[in-house]
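Trainee: I would like to learn how to read a protein model one feature at a time. Could we go through it together, beginning with the general idea and then turning to the case at hand?

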Amino acid sequence: MSAILNHAIRRQFGATAARNMSGTAAVAGEHSGGYKVWKRLSFFVAVPAVGLCMLNAYLKHQEEHDHPRQEFVKYDYLRRREKRFPWGEGNKSLFHNPHVNPLPDGYEH
């Protein structure tokens, strides 16, 4: 008895799932302009969002550009050089910025 009931339930769920999937599946010839939605989203949402992010970054940079540099305090545990860097003079890191990154004895002038 339970085998018959189990078989009937499986058959019913299988038929229901097949009916539901056929309405949403992408069938050849029925794409109905999905690319147009993504093209419009790209032009009207993504491009302005990137532009606003660029404007925000530029304005923040201009705001921070006017602030004076922090005073150098020589701490024993910061900017330690146990051995020299393998490039240049050996005291500056690979991405050294003389306006922001101090050397162990202070900022460059």
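Trainee: How much space lies in the largest pocket?

Mentor: Keeping in mind that this is a predicted model, the largest pocket holds about 330 Å³ of space. Its lining includes His61, Glu64, His65 and His67, and Arg69, His99 and Tyr107 are also among the lining residues.

Trainee: Which classes of residue make up the lining of the largest pocket?

Mentor: Sorted by class, the lining has three nonpolar, five polar and two charged residues.

Trainee: What describes a pair of aromatic rings?

Mentor: In general, such a pair is described by the distance of the centres and the angle of the planes. In this model the count comes to three aromatic pairs. One of them joins Phe72 and Tyr107, whose ring centres are 6.1 Å apart and whose planes meet at 75°, so this pair is edge-to-face, given that an angle over 60 degrees is counted that way. The pair links distant parts of the chain, since Phe72 and Tyr107 are 35 residues apart, both in the segment after helix H2 (34–65). Phe72 is partly exposed at 21% relative accessibility, whereas Tyr107, at 18%, counts as buried.

Trainee: Are the rings of Phe85 and Trp87 stacked or edge-to-face?

Mentor: They are stacked, because their centres lie 5.3 Å apart and their planes are at 15°. Phe85 is partly exposed, with a relative accessible area of 27%, and Trp87 is partly exposed as well, with 33%.

Trainee: What is the phi of Arg79?

Mentor: As a general idea, most residues other than glycine have a negative phi. Arg79, although not a glycine, has a positive phi of about 55°. Arg79 is placed in the segment after H2, and its relative accessibility of 26% counts as partly exposed.

Terms used:
Residues are numbered from 1 along each chain as its sequence is written. This is a predicted model: local features need pLDDT of at least 70, side-chain atom pairs count only at pLDDT 80 or more; totals for chains, interfaces and linings use all residues. Side-chain values use heavy atoms; hydrogens and water are left out. Rings of Phe, Tyr and Trp (its six-membered ring) pair if their centres lie within 6.5 Å; planes under 30 degrees apart count as stacked, over 60 as edge-to-face and the rest as tilted. Helices (H or I, at least four residues) and strands (E, at least two) are DSSP runs, numbered from the N terminus. Buried means under 20% relative accessible area, exposed over 50%, partly exposed in between (1.4 Å probe, protein chains only). On a 1 Å grid over the protein atoms alone, a cavity is a set of points where a 1.4 Å probe fits but cannot get out, and a pocket is an open set with protein on both sides within 12 Å along at least five of seven lines; lining residues have an atom within 4 Å of a point. Grid points are joined across faces, edges and corners, and a volume is the space filled by probe spheres set on the points. Ala, Val, Leu, Ile, Met, Phe, Trp, Tyr, Cys and Pro count as nonpolar, Asp, Glu, Lys and Arg as charged, and the others, Gly among them, as polar.
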